[in-house]
Protein chains: 2
Amino acid sequence: MTYENLDAKLVNALLGDGRASLRSLAEELDVSVTTISNHLSDLEEQGVIQGYSPIVDYDALEYDVTAIIQLKVEGNALPDITETLKEHRQMISVYEVTGDYDVIAVGKFRDTDGMNDQIKALLTDPDIKESNTSVVLNAVTENEQFKLDIEQ
Amino acid sequence: MTYENLDAKLVNALLGDGRASLRSLAEELDVSVTTISNHLSDLEEQGVIQGYSPIVDYDALEYDVTAIIQLKVEGNALPDITETLKEHRQMISVYEVTGDYDVIAVGKFRDTDGMNDQIKALLTDPDIKESNTSVVLNAVTENEQFKLDIEQ
DNA sequence: CATCGAGATTTTCGTACGTCATCACGCTCA
DNA sequence: TGAGCGTGATGACGTACGAAAATCTCGATG
């Protein structure tokens, strides 16, 4: 097994259970606990693994509405706009993109009223030339982290 | 402290560090280890916490291209299309939405060639009436899970 | 109708025990 | 020569269990 292979397998194992103990990981990958510990530290230091998080079901917590907001922005205002969006904690993802629009953002809200209020407040910015909001009817998959290829 | 309050604080603490030990969580929230253990089990059983995951930096792993794909679909083919997208493991999120398009999906690819191949393959489906792909220039924030309100 | 209180239920706690993570060390193998 | 291994020592960890505390239930009472 190559070094990189073990790293990829380790990441994949953690993607399966982010709270798995080093011992169980060692058993699963058939290497020693020491090796797991060393590789995991390396992955964290390299920034491949940036941290750990519970997978929270916001639907179960009464954040029922997800919306995808697309914006056309005055060219030089793009950094300001994305920074503003980023500071809204309910914005899950904010992307600067190519194509018809300049920014695509995904946000979660308690209800349609909460969504309306926040989006209307956002759109008062004069640097926003055009906007387009899609409300999510069904999140088929969301924020799914995929497992890495294992080279044989 | 109300029951719900402790649960929200526990989720928030885990959002800060998803591998935090029960003891450190107990100390942070000023309750016993047993209480943390019980509440955490409950949150997991209720589905509020659906699991745990490392936060993987795909950029560091040579998945450099993120694309947002929007599709207009023949009405009755929507479930098939979303299911197909879901099965592509590199699709991070797949949403059925209101608005101009019927489906919005976010995918990650090794490079633009890989992206092109996969998207072209997808678009051969005759039930897709129209598509629009935006390439992400800059992921300002991505898949950020936000902390819960704590009712006082 | 508001209040009380005994009993049941739920929630929290402390303890104890077996397991785990970490670190340093020297060894093995290719 | 460096990646991986095993060992041993130490402190931290997770879990089970019974006891204690808090909360809820609901009929009785003034």
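A: The lining of the largest pocket divides into 21 nonpolar, 15 polar and 14 charged residues. For these classes, Ala, Val, Leu, Ile, Met, Phe, Trp, Tyr, Cys and Pro count as nonpolar, Asp, Glu, Lys and Arg as charged, and the others, Gly among them, as polar. Keep in mind that this is a predicted model, where local features need pLDDT of at least 70, side-chain atom pairs count only at pLDDT 80 or more, and totals for chains, interfaces and linings use all residues. Residues are numbered from 1 along each chain as its sequence is written, chains are lettered from A and ligands numbered from 1 in the order in which they are written, and side-chain values use heavy atoms, with hydrogens and water left out.

The pocket's volume is about 1,400 Å³. Of the 50 residues that line it, A:Glu142, A:Asn143, A:Glu144, B:Asn143 and B:Gln145 lie nearest its centre. A pocket here is an open set of points on a 1 Å grid over the protein atoms alone, with protein on both sides within 12 Å along at least five of seven lines; a cavity is a set where a 1.4 Å probe fits but cannot get out, and lining residues have an atom within 4 Å of a point. Grid points are joined across faces, edges and corners, and a volume is the space filled by probe spheres set on the points.

Strands are DSSP runs of E with at least two residues, helices are runs of H or I with at least four, and both are numbered from the N terminus.

The side chains of A:Lys72 and A:Glu130 meet in a salt bridge, 3.4 Å from N to O. A:Lys72 sits in strand E2 (residues 65-73) of chain A and A:Glu130 in E5 of chain A, 58 residues apart. Over all chains there are eight salt bridges, each a side-chain nitrogen of Lys or Arg within 4 Å of a carboxyl oxygen of Asp or Glu.
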